[in-house]
Amino acid sequence: MSSTTLHKILFIGPMGAGKTTAISAISDTPPITTEAENSDEAQSVKATTTVALDYGSIELANDVIHLYGIPGQPRFRFMWPILARGAVGCIVLIDESRENPMEDLDVYLEAFDDLVTKQAFVVGIGRTDKSGATLDKYTTYFANKDMFPPIFEVDVRERNDVLMMLEILLINQEMQQ
Ligand SMILES: Nc1nc2c(ncn2[C@@H]2O[C@H](COP(=O)(O)OP(=O)(O)O)[C@@H](O)[C@H]2O)c(=O)[nH]1
Ligand SMILES: [Mg+2]
């Protein structure tokens with residue numbers, strides 16, 4: 001099988017939002033993860049956390065899509081620009097049950113501003129009741145920044161939810177070229 005195009009997509013967002021889970025949910029190959037014991041329970045009660053990166057890949061329509069996940073904790077910020085290099089788009093994952101998901105968005109949009117302003121991105125809001133009710137405040141948040149990304153309520157454990165975000169991202173990204 002021939003693969004003509006290479007795409008690198010970055011999963012960004014705070015610790016516990018589901019970057020590692022999302023990549024595992026769709027990767028064709030067993031994902032490479034760098035989980036270590038969580039020493040930062042102030043951020044999340046998870047047992048383990050990504051300390052370097054996640055990597056997986058998926059073939060869609062003869063393109064190999066490379067999936068990278070960042071370590072979400074701000075103390076790993078030095079890794080973020082390294083991982084962003086060469087990315088053509090990103091999936092921003094937010095955990096609606098965290099204390100201040102809008103502040104989380106502020107942090108990651110600012111840190112990845114090159115990616116989110118110049119390239120396509122989509123937003124996945126997790127841990128909602130999927131009633132659609134929570135989306136309005138995010139739509140308003142982005143509209144106030146003059147940004148109009150696709151925003152979805154997702155469960156990162158569901159392969160179809162993650163695939164949908166990726167497919168929409170790739171369609172939008174191709175339309176920009
Ligand atoms: N109960 C529940 N768990 C969820 C939901 N969404 C994500 N998770 C869990 O939240 C955790 C996210 O962890 P992880 O993928 O390591 O997050 P990362 O820090 O962004 O890489 C995983 O254990 C998921 O199974 C949800 O809607 N409900
Ligand atoms: Mg992780």
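Visitor: Does Asn62 count as buried, exposed or partly exposed, and at what relative accessibility?
Guide: Asn62 counts as partly exposed, at 38% relative accessibility. Buried means under 20% relative accessible area, exposed over 50%, and partly exposed in between, with a 1.4 Å probe and protein chains only.

Visitor: Before we go on, what sort of model is this, and how are things numbered?
Guide: This is a predicted model, in which local features need pLDDT of at least 70, side-chain atom pairs count only at pLDDT 80 or more, and totals for chains, interfaces and linings use all residues. Residues are numbered from 1 along each chain as its sequence is written, chains are lettered from A and ligands numbered from 1 in the order in which they are written, and side-chain values use heavy atoms, with hydrogens and water left out.

Visitor: Back to Asn62: where is its place?
Guide: Asn62 is in the loop between strand 3 and strand 4. Helices (H or I, at least four residues) and strands (E, at least two) are DSSP runs, numbered from the N terminus. Asn62 has a positive phi of about 70°, although it is not a glycine.

Visitor: Which value does phi of Ala61 have?
Guide: Phi of Ala61 is near 50°, again a positive value in a residue other than glycine. Most residues other than glycine have a negative phi. Ala61 also lies in the loop between strand 3 and strand 4 (63–69), and it is exposed, with a relative accessible area of 76%.

Visitor: Let us turn to the metal. What coordinates the magnesium ion?
Guide: The magnesium ion (ligand 2) is coordinated by Thr20 (OG1) and Thr50 (OG1), at 2.0 to 2.1 Å. Thr20 is in helix 1 (residues 19–26) and Thr50 in strand 3 (residues 48–60), so the pair links distant parts of the chain, 30 residues apart. Donors are N, O and S atoms within 2.8 Å of the metal (3.2 Å for Na, K and Ca); water is not among the atoms, so sites may look incomplete.

Visitor: Are those two threonines, Thr20 and Thr50, buried or exposed?
Guide: Both Thr20 and Thr50 are buried.

Visitor: And how many residues of helix 1 are buried?
Guide: Six of its eight residues are buried, and helix 1 is mostly covered. The buried residues are Lys19, Thr20, Ala22, Ile23, Ala25 and Ile26. Lys19 has 5% relative accessibility.

Visitor: What volume does the largest pocket have?
Guide: The volume of the largest pocket is about 400 Å³. Of the 23 residues that line this pocket, the closest to its centre are Gly16, Ala17, Gly18, Arg127 and Val156. Helix 1, strand 3 and strand 5 (89–95) are the elements that give two or more residues to the lining, and helix 1 gives the most, with three.

Visitor: How is a pocket defined?
Guide: On a 1 Å grid over the protein atoms alone, a pocket is an open set of points where a 1.4 Å probe fits, with protein on both sides within 12 Å along at least five of seven lines; lining residues have an atom within 4 Å of a point. Grid points are joined across faces, edges and corners, and the volume is the space filled by probe spheres set on the points.

Visitor: Now helix 3: which of its residues are buried?
Guide: In helix 3 (residues 101–111), Pro101, Met102, Asp104, Leu105, Tyr108 and Leu109 are buried. They cover an arc of only 150° around the axis, which puts them on the same side of helix 3. The arc is that of the directions from the helix axis to the C-beta atoms.

Visitor: Which residues of helix 5 are buried?
Guide: Leu135, Tyr138, Tyr141 and Phe142 are the buried residues of helix 5 (residues 135–144). They fall within an arc of 120° seen down the axis, so they line one face of the helix. The face turned away from that buried side carries the exposed residues Asp136 and Asn144.

Visitor: Finally, how many aromatic pairs are there?
Guide: The structure holds five aromatic pairs. Trp80, Tyr108 and Phe112 form one aromatic cluster. Rings of Phe, Tyr and Trp (its six-membered ring) pair if their centres lie within 6.5 Å.

Note on methods:
Phe/Tyr/Trp six-rings, centres within 6.5 Å; stacked < 30°, edge-to-face > 60°.
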